[in-house]
Amino acid sequence: MLTKQNLAVWANSLARTRKPTHPQRTSAVLHLPNLWRITGSHHTLILLNPACSSCSAARGGMSGGAPPVREKAQVRSLPGDPSLTIALLLNERTKNLNRPKDEPFEKLAARIRATVAPADKKGGKKKKGGAPNEATPEAPPAAPIDVRLFESYEDGREVSAATANEEAWRKACVLQVGSTLFDIDYNPPTVVKAVLPRRPMAGYPIMARLQLTFASEDKTRFNWMRKRPGCDQWEDVPHCSSCVYTPRPEDVGHHLRLQCVPVAVQPPGTGNTHDASRSTGHGGHESVRVGEPLEVLSDVVAAAPARTSAQIRCAHTQGRPAARPAFRIASYNLLADQYAGSTYAQQVLFDYCPPEALDFDYRRQLLLQELLGYEGDVLCLQEVDEKMFSEHLLPHLQMQGYDGHFTNKQGNVREGSATFWRTSRFRRLHTQDILMRDVFKQPLAPAHAHWQRMLDASPHLATALQMVTTIAQATILLPVGDDSSPSHPNERPLCVVNTHLFYHPYAPHIRAMHTAAILEEAHATLKSWANRLEESSHQQPSLIFCGDLNSDLNDGIPGVIELLQNGFLPADHWDWYMGAEFRWGMNEEDGSAEQQAAAPQPPNSAIAAAVAAAKEAAAARASPKPAKGSQEGATLRQAEGAPEQPSPRARLQLTADDGHAFELHRAPQSAVEAPAGINVRVPYALRSADDLRTPFTNYTSGYKALLDYVWIEPSTLEVVGSVPVPSEEEIGSFIPSPAFPSDHLAVVYDLCWKVSSNPSH
């Protein structure tokens, strides 16, 4: 009796032994589901080669035109990866095969063949009592399964089995596994991952964070939809086809869904043969590849807060960028999430702020809205989490015409400083990352050798300088112009320094040393660029020194302020005395909430007396006066009727009564190192953009102080406007709060080059 089983055995044996009469049938293997047919009263066997076009036509005719089974195999070969992956359906299961790129295809073919081959079942079944049944006749061994790659299946052009995987799969269009054909999708455009940020709010843009392979984001298609919880019907969100969407008031209470369809467009001659093509208009056709869509859901959209820092502060700047030749600069400590989000911060340090207002996904939206609302040309930011920079600030600000640079602090802490500039206003020439541990690593570089005497006198100081994580950025920016806004003849390059100095109430000497070293490094950088700038007919850059300097005026003129203002710090300044008993003994990183709340040991009473005397001398030297020709008090809003701010000298008489500022009370006697201060002179004498009149930029429970500054070269720059710091009534409570996302306030100034700007160095 002729059955499919014994016919298959006979036919495959015949196929291996019979000399072919057809030149393309030498490797023919019979696969019954597609290739056999019994016609009429005669049993007719036809051997067909799938690689032969005439045989393919014959097979189609016999089967009534039904094509062979077609599946899809996806192959991904990432640049730089030593392996590639092949995803295909074998034995009704998706297999992901990871194989070396330089491996011959024949090894992979053997692996596929072993995967789809039926299991070898030996012996008969046993009876219930344990005795085996009579052995059933063993079936003849199955023919080996054909696994081949074809450059052109219709023409029978096969890829050699000895070809390395990377080349073989790149050339191939079809994979044959037994009777199944797989169309090869090589490096298909793919959305590997799509993430929407948490806690979307009406009026605040949300941007999908995408991970794409073999696709470009600018070609990827986006479709936003929304629906209420509990409803089944999704409705399209009109007029939005990008990865960024700003929820509207009518979206409140809805979920959002984003569908991402990856697309790759390749130049003529580089596409896969199965890709759709379109005319380029230049005699060729570019290939368009569309991948599988991926969808991602959002949280329910919430209503926007009724009152925010952006509404209060950006009313002075929104829609009013600085008029050229002026430019706007802002410095802002964002309060890193690793500090605001800690249990200690929420339960102790900022216990007055609702925990939901300290949540990163809430604060980042308010911070971004405020930063964009200032319409600054240069943004100097501190306490920027690495994630905040890469996943939120940089993508959003780049879409608004900015570019930026991030420098992480040294050590294990994952936050640092970031400087952004508007690319239509400035072009970056150079950024130098200034790492304080490296600057004070012994032996000291010649430019810093004058510090050696202090390090030799105080091993504790040398140790502390290798533990502190402070960094600074020095960015050289070149003004750019266009037809609508040409460069002004008085414009010159800028060197913008951005830093966040070390916090500790008994380490002002370290802040002073770091400030001097940063200025020395910036000066050296500018000297190295001097010839190149002169060759390009550019004047020497004007220096701007920005950041959170952790140096308040509540208890005297600190060394950082005197150094920046006068370009000189004497050896008898109280900073040197104050630091004599400082020891590095904390495990927390620079500036953490835990470290800021730590209670250090007060200084020895003898040192305290010396500090008091040094403070009197420092106060006598302090004479902050507005630079000649400055526009004192000029702001972006009318200044008439504004209350006069107390002068720095007047504030010297005020002492903090809340316990935050250190108190010089008697402490147990102990042996201390003799203070080893030195006369420090730096290449710059700068002017504070606010003439030190800002009452506070940090406003927390138990502490209120000016910590954030913008210092400028008075010989080349002047202040032409500023964003006023809100009053205590406008702030309404300690910060951070539901309205103010940081414990600091941004300082924002409009600056302009002076007409008579002569290089001073």
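Student: Where is glutamate 92 found?
Tutor: Glutamate 92 sits in the loop between strand S2 (83-90) and strand S3 (93-100). Helices (H or I, at least four residues) and strands (E, at least two) are DSSP runs, numbered from the N terminus. This is a predicted model, in which local features need pLDDT of at least 70 and side-chain atom pairs count only at pLDDT 80 or more, while totals for chains, interfaces and linings use all residues. Residues are numbered from 1 along each chain as its sequence is written, and side-chain values use heavy atoms, with hydrogens and water left out.

Student: Why is glutamate 92 called exposed?
Tutor: Its relative accessible area is 77%. Buried means under 20%, exposed means over 50%, and partly exposed is in between (1.4 Å probe, protein chains only). Glutamate 92, at 77%, is therefore exposed. The phi of glutamate 92 is near 65°, a positive value in a residue other than glycine.

Student: Is asparagine 187 buried or exposed, and how do you know?
Tutor: Asparagine 187 has 13% relative accessibility, so it counts as buried. Asparagine 187 lies in the loop between S7 and strand S8 (190-195). Its phi is positive too, near 50°.

Student: What makes the pair of aspartate 183 and arginine 70 a polar contact?
Tutor: Their side chains are joined at 2.7 Å. A polar contact is a pair of N or O atoms within 3.5 Å; within protein, one must be able to donate a hydrogen and the other to accept it, and residues adjacent in sequence count only if both atoms are side-chain atoms. The distance of 2.7 Å is within that limit, so the pair qualifies. Serine 83, in strand S2, has a polar contact of 3.3 Å with asparagine 98, side chain to side chain.

Student: What does serine 83 touch?
Tutor: Not counting residues up to four places away in sequence, serine 83 touches Asn98, Arg99, Pro100 and Lys101. Contact means heavy atoms within 4.5 Å.

Student: How do you know that the span of helix H10 is close to the expected one?
Tutor: The expected span is 1.5 Å times one less than the number of residues. For H10 (residues 360-373), with 14 residues, the expected value is 20 Å, and the helix reaches 20 Å from its first C-alpha to its last.

Student: What makes H10 mostly covered?
Tutor: Of its 14 residues, 12 are buried, including Phe360, Tyr362 and Leu367. Their cover includes helix H6 (309-313), strand S19 (327-333) and helix H11 (386-399). At the start of H10, a side-chain oxygen of aspartate 359 comes to within 3.1 Å of the backbone nitrogen of aspartate 361. After H10 comes glutamate 375, with a positive phi near 50°.

Student: What is the size of the largest nonpolar core, and why is it called one?
Tutor: It has 56 residues; Trp451, Ile510, Met513, Phe545, Val680 and Trp711 have the most contacts inside it. Helix H15 (residues 508-535) gives the most to this core, with 11 residues. The name applies because a nonpolar core is a set of buried Ala, Val, Leu, Ile, Met, Phe, Trp, Tyr and Cys residues joined through side-chain atoms within 4.5 Å. Another core, of 25 residues, lies apart from it, with Phe360 and Leu394 among them.

Student: Which residues are joined by a cis peptide bond with omega of about 0°?
Tutor: Glutamine 442 and proline 443 are joined that way. Another cis peptide bond, with omega of about 15°, joins arginine 324 and proline 325, and proline 325 lies in the loop between H6 and S19.

Student: How confident is the predictor over the chain?
Tutor: The average pLDDT, the predictor's confidence in each residue from 0 to 100, is 80, and 72% of the residues score at least 70. Over residues 1-64 the pLDDT is below 50, although the stretch has 81 contacts in the model beyond near neighbours in sequence. Residues 623-635 are also below 50, with 20 such contacts. Where pLDDT is low, the predicted coordinates should not be read in detail.
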